[in-house]
Amino acid sequence: MAKGKTCFFCNECGYESSGWLGKCPGCGAWNTFVEEKIRPDSKGGNSFGFSGVSGVHSKAMPIQEIPLDHQQRTRSGIGELDRVLGGGIVPGSLVLVAGDPGIGKSTMMLMLSGHLAKQQRVLYVSGEESSGQIKMRAARLDICEEQLYIYAETSMDAIIAQVEALKPDVVIVDSVQTLADSTVSSAPGSVSQIREITGTFLRLSKSLNITVFIVGHVTKEGAIAGPRVLEHMVDTVLYFEGERHLSYRILRAVKNRFGSTNEIGVFEMRENGLWEVENPSMALLEGRPTNNAGTAVVCAMEGSRPVMLEVQALISGSNLTNPRRMSTGLDYNRFALLLAVLEKRGGYRLGACDAYVNVIGGLKLMEPASDLAVAAAVISSYRNVVLPEDTVCIGEVGLTGEIRAVSHIEKRVGESFRLGFKRCIVPGGNRKQLADMENVIFVQNIHELSSFFEKGV
Ligand code: TYD
Ligand code: MG
């Protein structure tokens, strides 16, 4: 084998090395290196620069002389998607849509194509389904636009030829792992294939001003297969999340060159496609058990939007030497820490109990402001005392058992009252922001929270 023609890539992060390594210096993963042949003139690595896009070397310019490019965003026709993208689609951008298989990426992309094809020419390239299968799905979703072109193909040469012939405004690629570039010898889905293909679409999108959506499947570990290689090349990375057996799906931006990354979009998967959920709080709280111990409601912030979530806890006596702990939708270590604080500072003998916690609706509670609701659910289950169902708990729990102030408290309390809750238990530290509000109860520490379960709220 000629020297320099083969290279080793980390399957997790795309780190490139000339020899095999046991541990990746890039991401620290073990045994992830695979050997791949690269062609001598490969554009791999980071040579997808803009001089390559235009073909000529341009000149540096003073910033004052560069005209301000007021990019008109295109409305996608899906409000929640626009929100996540930062107000609409930026023409000529490259967007990666990643998610587990079967989560609804193809469905979303087909619906998006349907909306966009009302005004623009859209090419939907599928390497996974035949044209007939896509037509069936489209018929179910009631999509039949004149300007929507379906192309079932996996060869990059053929796809590039189609793009150049058709001159679409938008190209959808489903999925990048199924396409094959004939100049790369490794199998479809390998790091060098994905890198080459994304590079080609990047050049196409920047030179012809085409908006490209690339669908990518995620590996079991939660990374995009052949992964961060893609993340740094594209303008926007969207993750489509959710439990497959639950109908709610969350769309989240993890990188966005044209907007903020902390907005989420909420969808519901129904018989006839994905539906936007305009009021996620109402939807997520639907069917909440009443008059039961072990549940509490929190108002969490997802970007600029307050979302009400129900936390359930189950504490039961354990026969095991190491009692079981399980958390769904909440960081395991955070849960363990809260249990330790409740044991040490609150005097609850949780060390002898199995403890389970679950966030309803498939959303994840990432912020410390949800601590108080988790603590309330645990105490409620432990004591078997019901927390009134019209009560919301918001606050961070510190290691000494103190309840710490949280951000956006007015928004959270406002949303809670708007949705019909009657009482909010909040940190004493937030008193200033909520000075003239009624039905707000301030707590300083875990003891004060516990006392509600003795004398009632
Ligand atoms: P799909 O978009 O094919 O997932 P992905 O491209 O991410 O792999 O969606 C697959 C699931 O969605 C499948 O289990 C069926 C379900 N589904 C619906 O419930 N309703 C629908 O209208 C459609 C099209 C799919
Ligand atoms: Mg699919």
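## Burial and the model

Buried means under 20% relative accessible area, exposed means over 50%, and partly exposed lies in between, with a 1.4 Å probe and protein chains only. By that cut-off methionine 109 is buried, at 1% relative accessibility.

This is a predicted model, in which local features need pLDDT of at least 70, side-chain atom pairs count only at pLDDT 80 or more, and totals for chains, interfaces and linings use all residues. Residues are numbered from 1 along each chain as its sequence is written, chains are lettered from A and ligands numbered from 1 in the order in which they are written, and side-chain values use heavy atoms, with hydrogens and water left out.

## Domains

The chain is divided into domain 1 (1-39), domain 2 (75-278) and domain 3 (283-455). These bounds come from an automatic or database domain assignment. Between the C-alpha centres of domain 1 and domain 3 the distance is 46 Å.

Methionine 109 sits in helix α3 (residues 105-116). Helices (H or I, at least four residues) and strands (E, at least two) are DSSP runs, numbered from the N terminus. Contact means heavy atoms within 4.5 Å. Setting aside neighbours within four places in sequence, methionine 109 touches Val97, Tyr124, Ile172, Phe213 and Val215. Leucine 314 is another matter: methionine 109 and leucine 314 are 205 residues apart in sequence and 39 Å apart in space, C-alpha to C-alpha.

Threonine 74 belongs to the loop between α1 (50-54) and α2 (79-85). Its relative accessible area is 16%, so threonine 74 is buried. Beyond its neighbours within four places in sequence, threonine 74 is in contact with Asp82, Gly88, Ile89, Pro91, Leu116 and Gln120.

## Helices α5 and α6

Two packed helices are described by the angle between their axes and the distance between the axes. Here, the axes of helix α5 (residues 156-166) and helix α6 (residues 191-208) come within 12 Å and cross at roughly 10°. Therefore α5 is roughly parallel to α6. Angles under 35 degrees count as roughly parallel, over 145 as roughly antiparallel, 65 to 115 as roughly perpendicular, and the rest as oblique. Axes are lines fitted to C-alpha atoms, for helices over the stretch in contact, and angles run from 0 to 180 degrees between N-to-C directions.

Helix α5 contributes Met156, Ile159, Ile160 and Val163 to the contact, and helix α6 contributes Ile197, Thr200, Phe201, Leu204 and Leu208. By class, that gives eight nonpolar residues, one polar and no charged. Ala, Val, Leu, Ile, Met, Phe, Trp, Tyr, Cys and Pro count as nonpolar; Asp, Glu, Lys and Arg count as charged; the others, Gly among them, count as polar.

## Aromatic pairs

A search of the whole structure finds three aromatic pairs. Rings of Phe, Tyr and Trp (its six-membered ring) pair if their centres lie within 6.5 Å; planes under 30 degrees apart count as stacked, over 60 as edge-to-face and the rest as tilted. One of the pairs is tyrosine 15 with phenylalanine 33, edge-to-face at 6.4 Å centre to centre and 80° between the planes. This pair links distant parts of the chain, 18 residues apart: tyrosine 15 is in the loop between β1 (6-10) and β2 (16-17), and phenylalanine 33 is in strand β3 (residues 33-37). Tyrosine 15 is partly exposed at 33% relative accessibility, whereas phenylalanine 33 is buried at 6%.

Another pair is phenylalanine 240 with phenylalanine 267: the ring centres are 6.1 Å apart and the planes stand at 80°, so it is edge-to-face. Phenylalanine 240 lies in strand β9 (residues 236-241) and phenylalanine 267 in strand β11 (residues 264-270), distant parts of the chain 27 residues apart. Phenylalanine 240 is buried at 2% relative accessible area. Phenylalanine 267 is buried too, at 2%.

## Backbone exceptions

Most residues other than glycine have a negative phi, and most peptide bonds are trans. Asparagine 31 has a positive phi, near 55°. It lies in the loop between β2 and β3 and is exposed at 59%. Asparagine 209 also has a positive phi, of about 55°. Asparagine 209 is in the loop between α6 and β8 (211-217) and is partly exposed at 48%.

A cis peptide bond joins aspartate 174 and serine 175, with omega about -10°. Serine 175 falls in the loop between β7 (170-174) and α6.

## Leucine 399

Leucine 399 is in the loop between β18 (396-397) and β19 (403-404). It counts as exposed, at 57% relative accessibility. Leucine 399 and valine 341 are 58 residues apart in sequence, yet 6.1 Å apart in space, C-alpha to C-alpha.
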